[in-house]
Structure formats: C-alpha cells, structure tokens
Amino acid sequence: MFNKIIGKRSSRKHSKSESNESPGPTTNPANASGGRAVASAGNSTNSRNSGSGAGHSGSKTTINNGPRNSLSLAAPHHQAAARTLPGKEKYPGSTAITTANGGFSAMENLPAFREVAASERLNLFSKKLSLCCHVFDFLDPAKNVREKEIKRQTLLELVDFIQAGSIKLNESLQEELAKMFSENLFRCLPPSAHENTGSEVFDLEEEEPCMEPAWPHLQIVYELLLRFIVSTETDPKIAKRYIDHSFVLRLLELFDSEDHREREYLKTILHRIYGKFMVHRPFIRKAINNIFYRFVMETERHSGIGELLEILGSIINGFALPMKEEHKLFLVRALIPLHKPKCVTLYHQQLSYCITQFVEKDYKLSDTVIRGLLKYWPVTNCQKEVLFLGELEEVLESTQAAEFQRCMVPLFRQIGRCLNSSHFQVAERALFLWNNDHIVSLIAQNRSVLLPLIYEALEKNTQSHWNQTVHGLTLNVRKMFMEMDSDLFHECRRIFQEKQAKAKENEEKRELIWKRLEEVAESKNGSKESLPAIQALKI
C-alpha cells in the first residue's frame, strides 16, 4: 500500500493553482511571561518577527505543554496553558531535498504520517528528520522561499507526531533527532553592535537587540525539542546518551543570543532538562557557575544572565536542608559577585530573588549575604544604590537577631551614609527601612549600639537636607527613636551637640592660627608681598 502511494505521488505533477497559493494568516509571538505562538515563515514578510504559512484553510494546531511562565519542576506538562502553532499548508506531503554543490538537484515526495501504515511511520519520521537537517539562509528573504516553507511544514508535522506520542521512538531515531537539533540550533551568534564598530563604550540598556532572522524555523525546532524532552515516551536513560553534556553546554552558549524569544525557549528547555535528567544536574550548575565567573571577571557582557538566574531561582527553591557546602560556595563565589557589574540593573530582580531564597532556606547565611552586599556597595551609582537598599530590606526580613548583631555595625554605618545622600531617592529608600516592622524590632533590640551610629545623619537631615519628603521622614524616624528610649536619645543629642561645639571651636582655632601667621608675615617683611602665597596655602 505504501509503495503504491509513493508511486502515485512521485508521478503526480504539481498543478498551477498549487504553485501559486497565497500565504495564509500569521500569528505573533506572545510575550515572555505567557504562552507563545510559533510564527510561520512567510514569503515576503519580515523574517525577524513572523512568517506566514501557506494553506487553503489557515487552520491552527493547538498544542498543550509545560508552562512558560513557571519554572516549577513539579508541574506536569499536561497541565499547561494551550499554545498555538500556525496553520498548516495542505500540501499532499513533505518533500525530501537532495542537494548537490549547494543547489537543489532533486526532490523526493514524502507522504504525511496519516497517509502511511503505522509500521512505516518510523521510517518516514527518519526521512523527515533528514530533510530538516538542511539549514537555509534567512538573510535573503527571496531565496529558497518554497523550500523554506516545505521545511517549516515538515517541522510542524514532526511536532504533531511527537505530541501525539502514539509511537515510541527507538534509540536510532533519538540519535537522528538530536543530530537534527544540533544542525539547526547550534551556530555562531552574530557579534553585537559595539563589537562591529570597535567601540569599547556601550550601554546594554540602550543597545538595540539583534533579532534572529531564522526564527520562523528555529522556533519550531525549539518547540520540537521541548516536546521531546517533556514527552512521557522519552526515556531519560536512553535520551541522556544524546542529550549529553556536550549538548547541554552548547545550549548554554546560546543563552548569549540577543533575541529574547530564543532565550525564553532556552530557559524553559534547560529547566526541563534539569528536571528530567538528574545525572546532568551537577554539570548544569557548574556550567552556569562558569558563565557567571567569566561575566563578572572578564567580559561584564552577556545577554542571558537574567534567564539563567530565573532557572537558578527555581533550583535553589528545591535545595534540601541542611544545605550542601557546594551550594554555599555557589552563593559566595558566583551570586554575590554578580552585584559588581555596571549592568546589574538588567537582572537585579532575578538576582535578588535567588539571594533571598538562600536566606529563607538557611537564615544563618544572612550575615554572609549582608557583608557581601556591603563589599560591592556602589559609590557613585545612585540607581544601583536604590536597588541594593531594596534587596537589603528583603534580606533583613528573613534575618534573625543573632545574625543581625554580627553585621549591624558596618551595615548601619552604610545606612547612615545613605541617609545623608544628596540624591533624594537614596535617602528616601534608606528611611523606608523603618516602615518594616521586623527591621524596626531588630533595631529596637540593639538601639544602644545603632542610634549613636546614625544620630548624626538624622540631625544633619533635619537641619540641611534640601528635599522636604526626606526631611519629613527623618523627623518621623527621630520621633520613633525618642519613643523607644528617650534617655538614650537625649544622650546621643548631647554627644552630638558637644561634637559640634568642639568642631566649631577647632575651626575658630584654625582661623586664629592663620590670622596670626598672616600678621607675622606682614611684620617680618614690612609689606604684603608674601600674602598671596600664604592665602593660597590657607585655601
């Protein structure tokens, strides 16, 4: 029966209407937090954003899969929200492409899976994989338009076949599938804009990302890889021979892609690999560590730090207690130094989540984290300083009294400097710490040590800070300390007044010394010729 179908299809000529079909409807990819629609490859549309699927009816295939906006390892893939692939073209079948000297010399018609007997589907699956191993050039939208659409349709058929799960893939087909993934996904990423121009000064926040022109095919390949990983028919004991360390390492290299759509797929896929292939877990953690080390110590440039931290946030949440020494070293050597780069604002939300996860898991780590924050505390970057104060509050919420006492002196010296910052947002954010009940209780227990450290900063704010909001918040904090311990507050005020009086006295003595020096110079020379030099020395 299969041979008859192949014979009929190979002898059938393409009709004129088939070769002149108009493109079907397109779908736009959703944002990173939800499900995404796999865009089809169009003949004339912008290949960076979406394509168009040629078809008579423009029907859509709905696929259910693991959640895009959740990295929970426990969530089964069948509970996910539905995502939509583009409408399939009603081709009689796929076409196997044979190339010679880089050109298309022959085509072999391949039927759809539903048109062959079940016993022949695995063989047909292998042929379709071979077809999809051919990689096209998407920089020229007008080049190989029909062949690109044929490959796209074939990839969609493979996604449906894996999704159906009606037939279990043998080891040989899994090897071919891994080869097809490698041929399509693993490639050299284009250089960034500042590397093209040779400029050393660049801003990651302002730089325009480079979108992947081959995304119409890559997206479906990523979808196929995800379906293969989460499929219940995929045996990790067999698949780990092909989804091996080398495969995972090359996936991690792709996280540097500037296309956020690709990084979102990579994030979901790597997390599923981490959940399914337990043998790879230590290797994945170590490889991510190495990316962080290179980013912090060498380049300070990587597009996927935020996505990698999102994966780690879920991994850290699953750490067993007592925490292994390996995980504590990861916190100290990899996560805390990530506060150093100038571009920390791009991934600080994910980094802060990972840090607080560690402290919530083991409150004894709060002293280590706080001292690490103080080590990398920004000096001139007010925007980073506001972020650090927000993260500090989250860490202090999980800090116990014993750990707080170990680091409170250097901590509140820094907070005192923040209170006197001329940037009102920094001073305001530091004063907001007193809105947290847990932090206020920690301060109240140690007020005899902490109030003398910050009283001077509070007084300077009330006397001379230019911002009225900061002035009002400072008065509220002063009132809070007075209500806590009025005797201590008055003692701190007395010490501050004595210190001010002494400073004023020293300044008067200094002025008197300079005045006497000027008089001596006048009397010695009998003129004011040397006064300019003395006055310059005074300044």
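**Questions on a predicted structure**

Me: Does E300 count as buried, partly exposed or exposed?
Reply: The relative accessibility of E300 is 25%. Buried means under 20% relative accessible area, exposed means over 50%, and partly exposed lies in between, with a 1.4 Å probe and protein chains only. E300 therefore counts as partly exposed.

Me: Which residues go into the totals for chains, interfaces and linings?
Reply: Residues are numbered from 1 along each chain as its sequence is written, and side-chain values use heavy atoms, with hydrogens and water left out. This is a predicted model in which local features need pLDDT of at least 70 and side-chain atom pairs count only at pLDDT 80 or more, while totals for chains, interfaces and linings use all residues.

Me: How many helices and strands does the protein chain have?
Reply: Helices (H or I, at least four residues) and strands (E, at least two) are DSSP runs, numbered from the N terminus. On that basis the secondary structure of the protein chain comes to 23 helices and four strands.

Me: What share of the residues in the protein chain is buried?
Reply: The protein chain has 539 residues. Its accessible surface, from the Shrake-Rupley method with a 1.4 Å probe and, for residues, only the protein chains shown as cover, comes to about 26800 Å², and 50% of that belongs to carbon and sulfur atoms. The buried share of the residues is 48%.

Me: Of the contacts between residues at least 6 apart in sequence, what share joins residues at least 24 apart?
Reply: Contact means heavy atoms within 4.5 Å. Among contacts in the protein chain between residues at least 6 apart in sequence, the share that joins residues at least 24 apart is 72%.

Me: At roughly what angle do helix 5 and helix 7 cross?
Reply: Axes are lines fitted to C-alpha atoms, for helices over the stretch in contact, and angles run from 0 to 180 degrees between N-to-C directions. The axes of helix 5 (residues 171-185) and helix 7 (residues 215-230) come within 10 Å and cross at roughly 145 degrees.

Me: How do the residues of the contact of helix 5 with helix 7 divide?
Reply: Helix 5 contributes Q174, L177, M180, F181, N184 and L185, and helix 7 contributes L218, V221, Y222, L224, L225 and F228. Ala, Val, Leu, Ile, Met, Phe, Trp, Tyr, Cys and Pro count as nonpolar, Asp, Glu, Lys and Arg as charged, and the others, Gly among them, as polar. The contact divides into ten nonpolar, two polar and no charged.

Me: How far apart are the C-alpha atoms of V221 and L158?
Reply: V221 is in helix 7, and at 0% relative accessibility it counts as buried. Not counting residues up to four places away in sequence, V221 touches L155, M180, F181, N184 and L185. V221 and L158 are 63 residues apart along the chain, and their C-alpha atoms are separated by 9.4 Å.

Me: Which residues does D137 touch, not counting those up to four places away in sequence?
Reply: D137 is found in the loop between helix 3 and helix 4. With a relative accessible area of 34%, D137 is partly exposed. Outside its sequence neighbours up to four places away, D137 touches K143 and K148.

Me: Which residues is S352 in contact with, leaving aside neighbours within four places in sequence?
Reply: S352 is found in helix 14 (residues 348-361). Its relative accessible area is 6%, so S352 is buried. Leaving aside neighbours within four places in sequence, S352 is in contact with E391 and E394.

Me: What is the phi of N144, about?
Reply: Most residues other than glycine have a negative phi, and most peptide bonds are trans. N144, in the loop between helix 3 (121-132) and helix 4 (145-164), is not a glycine, yet has a positive phi of about 50 degrees.

Me: Is the peptide bond from L321 to P322 cis or trans?
Reply: P322 lies in the loop between helix 12 (305-317) and helix 13 (325-335). With omega near 0 degrees, the peptide bond from L321 to P322 is cis.
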